[in-house]
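Good morning, colleagues. Please turn to the structure on the screen, and I shall take you through a few of its features.

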Amino acid sequence: MKAYVLRSYGSPDVLQLTELPTPVPGHGEVLVRVRATSVQPYDWHLMRGEPRVSRLMPGPLGLRGPKIAVLGADVAGQVEAIGPGVTGFRPGDDVFAMPQQGGFGEYVCVPEKDLAPMPAGLSYEEAAALPLAAGTALLAVRDVGRVRPGQRVLVNGASGGVGTFAVQLAKAYGAHVTGVCGERNLDLVRSLGADEVLDRAKQDFTGHEGRYDVLVDNAGGRTGAECRRALTRKGVHVLVGGPGGRWLQPAGRMFALLAVAPFVSQRVALVDVVGCKEMGANLRTLAALVEGGEVRVVIDRRFRFEEIPEAVRYQEQGRVTGKVVVSGLS
């Protein structure tokens with residue numbers, strides 16, 4: 001099969017298109033023929049090996065080089081073959097998943113428990129935009145933020161991949177939602193269901209003292225004290241992302257906020273979609289929300305398989321609205 005292989009850290013130029021053996025599904029695994037994938041910050045952080053402090057921690061970043069050979073955390077496609085013990089899928093089924101790696105290739109093996117039928121009515125590209133970003137938003141809103149009807153939720157970074165889903169999910173769970181984004185995306189975030197939209201360049205959400213029950217923080221950029229000021233006394237600061245850096249950020253900011261958490265009245269918590277044990281169930285929840293019209297996919301740009309390095313380069317610019325998807329695989 002064809003795949004973009006990552007053998008060393010660096011720019012998108014280090015992604016090499018090559019031939020690899022087609023994987024064979026093991027017990028409980030499904031071989032998926034990838035019809036579409038998406039590109040996101042998770043991919044280029046792994047490609048760059050940044051923040052470099054992460055190379056010292058357990059995970060996919062090795063000290064001298066990446067542990068993951070083929071990037072691409074999200075996939076949508078068709079079941080090509082099933083391994084022993086698989087009972088819920090058969091060849092030809094349309095599926096989507098977050099295998100965390102392998103999406104930049106023509107085939108990938110996924111555990112059956114982490115796989116879900118594609119939402120009815122979606123294209124492969126739209127389905128491939130869902131797993132990591134929408135899965136993160138679901139954990140942030142439902143599990144970590146524990147959003148309930150009538151609460152006030154602020155989504156900082158409301159126009160990005162996670163943010164566009166977080167706005168919609170918070171509305172689906174009955175919240176009054178405020179979105180923070182740049183001027184060019186105000187109308188988009190409003191169209192996603194936000195009750196209020198703040199222009200990040202002109203309006204300071206931290207000046208709304210004690211207003212929000214939950215802050216879903218995708219953009220970072222503000223101190224913990226500033227964010228706490230915007231929350232109610234028992235509010236929740238949900239950490240999703242923030243501006244990256246070569247050596248420490250955004251990991252350093254998140255560690256600092258978590259270190260303060262035991263000493264403040266508000267709850268501070270980190271979203272870990274990569275470590276999620278219920279991915280298959282969560283994907284089914286997202287599929288139901290999509291099919292019910294409560295969640296839609298926002299796509300910024302589409303690329304072809306042979307343009308994957310350019311897609312990663314575009315994502316790295318940091319001005320993506322919604323998702324970047326790659327089609328034309330296989």
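Let me begin with a question: in which loop does Arg146 lie? In this predicted model, Arg146 belongs to the loop that connects α3 (131-144) with β8 (152-156). For context, most residues other than glycine have a negative phi.

Gln100 is placed in the loop between β5 (94-97) and β6 (107-111).

I turn now to a pair of strands. Strand β9 (residues 176-181) and strand β10 (residues 196-199) run parallel and are joined by four bridges. Within this pairing, Val180 has Leu198 of β10 as its bridge partner. Between the two strands the chain passes through helix α5 (residues 186-191), and this β-α-β crossover is right-handed.

Finally, the chain as a whole. How many helices and strands does the chain have? There are nine helices and 15 strands. Of the 330 residues in the chain, 56% are buried. Among contacts with a separation of 6 or more, 66% involve residues 24 or more positions apart. The chain exposes about 13800 Å², and carbon and sulfur atoms supply 51% of that area.

Thank you for your attention.

Definitions and conventions: Residues numbered from 1 in each chain as written. Predicted model: local features only at pLDDT ≥ 70, side-chain atom pairs only at ≥ 80, totals over all residues. Heavy atoms only, no water. Buried < 20%, exposed > 50% of the residue type's maximum accessible area, 1.4 Å probe, protein only. Contact = heavy atoms within 4.5 Å. Areas by Shrake-Rupley, 256 points an atom, 1.4 Å probe, with all protein chains shown as cover. Pairing = 2+ DSSP bridges. Right-handed = clockwise from strand over helix to strand, strands pointing away.
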